[in-house]
Structures are given as C-alpha cells and as structure tokens.
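Me: Please take a close look at the aromatic pairs in this model and at the nonpolar cores around them. I would like the criteria stated along with the values.

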Amino acid sequence: MPGIDHELQVLLLQNRPDTPAEILRAAFGMDIPVYAHAETGCADLTSFSLKENKADQVSVLFGDDGRRLMAIISEVQTKPDDEKAYTWPLYTAVARERLRCPVHLLVLCPDQRTAEWARKPIGEPGESLEFQASGLGPDNMPVIDDPARAQRLPELSVLSTVIHGGNPAVLEAAQAALDAVPENRVERYYDCIWSKLSDSTRLLWEALMQAQQYEWQGAYRRKIEEGRAEGQAAGRAEGRAEGRAEGRAAGRAAGEAKAIIKLLRSRGIDLTDDQRD
C-alpha cells in the first residue's frame, strides 16, 4: 500500500495538473505543445480486465479550441518494480486510445538508482513495442532557487526542495513558494519538505525563517510549535532524571548557532571572531 511520502508527491501533481508538463520541459528539455490550460484526467486506466490499473495522476493539455494536445501520465515510484514493464505500456496504450492524443509517461523517483531503472527502454529487439518513460531523479531534478519562479511553480519548488534542500537558495525559494500556496494546502506541502530534510538542514531552514522574521502560518505552525514544546518538556524531564539537561541544551544551541553561521557564510557575509562567538 502506498505510504505517506508517495501520497504527498501525488498530491502535488493533482493540485496543479500543469506540473508534469513543467517537469518535462525543465528537466528533460521536451518540446511541450503550447496549450491553453491543463486538466486532471481520469487516472483509472483499467481495460477489460479483472485487475485494476490506476495511474497516480493524469494531466491533459488542451488547446484554445478545446482539442486535446497531449496527456501526461505521472507515477511516483519509490523503488524498481519489474511488474511496471507490463503495466506502464498498458497505461499509455489505454490513455492514448481513450483520449485520442499523444501520451507520455513521467516517473518521479527518490534516488538515482530508481530513476536510471525507470529510464530503461521497455521491449526486446524485434518486438513491435517501443516504450520509454522519463525518469525524474536527483541528476535532472530542476534546481528552483529563484523566489519569483518558486511562487509561479510552487509544486515544482517543493519537489526541488525534497532533492536539493541542502542548498540555502532552494530553501529560501521554498519559503516564497509556501507563501503563494492556498492555506488549505500549506500544511501538506510543508510536511512533504520537512519529512525529507536532514536534521542539520532543518536547523538551517528554521534559522533562515527566524533571520527573515518569517511569519509561520496556519496548522503547521501549531504543529511544529507544539512538537517543539513537547520535545523541550520531554528533554527537561529526562534531564532531571539523568542529569544531562544542561548538556543537551548546550548541544542544541551549538547546532543552531552553526546553522546560522553556515547560512551567513553561504550569503558571502564574513563574521569577525567576536561575532562568531
């Protein structure tokens, strides 16, 4: 059964059906037809079979005249799966027959091994079938480090942060992206980013927000602040029991200080010894 990471990424695609087209254009240099708007299509690609075949998301690109120009099937794939060599071509064939337009398959992968597996052509020499998906991985995920671009493409900015979150400019752009997201989506987008950041990068992101006096929003603000309060209370209780509260507090402070110094250094700001102390 798909996990929360899978569902969060699918949500990014479903909330804005233009996102797969933007990924294919930015990451693969694909010549996407000039279209008027995109809609989320039916992801149920079951043909006459007792087995359901449902894609994660389908985007349909329409021209000004309402004609379907292209369909993009998007799949979030966490690891290689040999069964996909049979189901992915079926998805594409059914969608092509149903929508009567060109169809392309985009696969979002969390690591390089899965992305390279997803890019392998399907079919043997001599077969009539010729099929190849576009596997999106760490090597070709667009780096969204411009706040203005992040606000135009918030879903792509979130996906970029999942892979490139160690880049302070990408984190800064992600802030702008969250500001542009409707309030009912902010918590899910934030969770998608937060779950993928390392501990040190989370400190860097918090330091960045505090340095810019970022206004924390809505439900995730309460969630993080409540979690921090619970963590501090638990730390104090454990410290009283084990006599290590002072050491943990000093360690947290040192970690946050290092994150702020790293942030300033990345912006080309030199500190004196006194300032660093």
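Reply: What follows takes the chain as a whole, then the aromatic pairs, then the nonpolar cores.

This is a predicted model, in which local features need pLDDT of at least 70 and side-chain atom pairs count only at pLDDT 80 or more, while totals for chains, interfaces and linings use all residues. Residues are numbered from 1 along each chain as its sequence is written, and side-chain values use heavy atoms, with hydrogens and water left out.

The chain has 12 helices and 5 strands (DSSP runs numbered from the N terminus, helices being H or I with at least four residues and strands E with at least two). Of its 277 residues, 43% are buried (under 20% relative accessible area with a 1.4 Å probe, protein chains only). Among contacts with a separation of 6 or more, 62% are between residues 24 or more positions apart; contact means heavy atoms within 4.5 Å.

Rings of Phe, Tyr and Trp (its six-membered ring) pair if their centres lie within 6.5 Å; planes under 30 degrees apart count as stacked, over 60 as edge-to-face and the rest as tilted. The count by this rule is 2 aromatic pairs. Tryptophan 88 and tryptophan 117 make a tilted pair, 5.5 Å centre to centre with 55° between the planes. This pair links distant parts of the chain, since tryptophan 88 lies in helix H3 (residues 84-99) and tryptophan 117 in helix H4 (residues 112-119), 29 residues apart. Tryptophan 88 and tryptophan 117 are both buried.

Tyrosine 190 and tryptophan 194 form a stacked pair, 5.5 Å centre to centre with 20° between the planes. Because they are 4 residues apart in helix H8 (residues 183-194), about one helical turn separates tyrosine 190 from tryptophan 194. Both of these residues, tyrosine 190 and tryptophan 194, are buried.

A nonpolar core is a set of buried Ala, Val, Leu, Ile, Met, Phe, Trp, Tyr and Cys residues joined through side-chain atoms within 4.5 Å. The largest has 44 residues, of which Leu61 and Trp205 touch the most other members. Elements that each supply at least two residues of this core include helix H1 (4-15), strand S3 (68-76), H8 and helix H9 (199-211). H8 gives the most to this core, with 6 residues. Beyond its neighbours within four places in sequence, tryptophan 205 is in contact with Leu171, Gln175, Leu178, Tyr190, Ile193, Trp194 and Leu197. A second, separate core has 21 residues, among them Ala55, Val60, Ala115 and Ala118.

Note on methods. Buried means under 20% relative accessible area, exposed over 50%, partly exposed in between (1.4 Å probe, protein chains only).
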